[in-house]
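Biologist: Could you take me through this model one feature at a time, giving the general idea before the particular case?

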Amino acid sequence: MKKILIVDDSEVLRVNLKEALGATGAWTIVEAENGTDGCAKAQDNKDISLIITDLNMPEMDGITMMKK
């Protein structure tokens, strides 16, 4: 099963995306609450197929996270 990493500081948005994408059963959803957490989750889940990220987040923004 393919994995999607959702990185956003808004829990409501993460939950909505997880419900919408996870409902198909085609993907495993991994969540992170900021860029720092997103980097850590990406390191722990080397088989992520897609990353959906917010740009403006505390600790580390989405662009910096994607560069790392």
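Modeller: Let us start with residue classes, where Ala, Val, Leu, Ile, Met, Phe, Trp, Tyr, Cys and Pro count as nonpolar, Asp, Glu, Lys and Arg as charged, and the others, Gly among them, as polar. By these classes the lining of the largest pocket has six nonpolar, two polar and one charged residues. This is a predicted model, in which local features need pLDDT of at least 70 and side-chain atom pairs count only at pLDDT 80 or more, while totals for chains, interfaces and linings use all residues. Residues are numbered from 1 along each chain as its sequence is written, and side-chain values use heavy atoms, with hydrogens and water left out.

Biologist: Which residues line the largest pocket?

Modeller: On a 1 Å grid over the protein atoms alone, a pocket is an open set of points where a 1.4 Å probe fits, with protein on both sides within 12 Å along at least five of seven lines, and lining residues have an atom within 4 Å of a point. Here the lining consists of Leu 5, Gly 38, Cys 39, Ala 42, Gln 43, Ile 51, Met 65, Met 66 and Lys 68.

Biologist: Which helix gives the most to that lining?

Modeller: Helices (H or I, at least four residues) and strands (E, at least two) are DSSP runs numbered from the N terminus. H2 gives the most, with four residues, and both helix H2 (35-44) and helix H3 (62-67) supply at least two each.

Biologist: What is the order of the strands in the sheet?

Modeller: Strands of a sheet pair through backbone hydrogen bonds, either parallel or antiparallel. Two strands count as paired if DSSP finds at least two bridges between them. This open sheet of three strands has the order E2-E1-E3, with parallel pairing. Strand E2 (27-32) and strand E3 (48-53) stand at the edges with a single partner strand each, so one side of each is left without a neighbour in the sheet.
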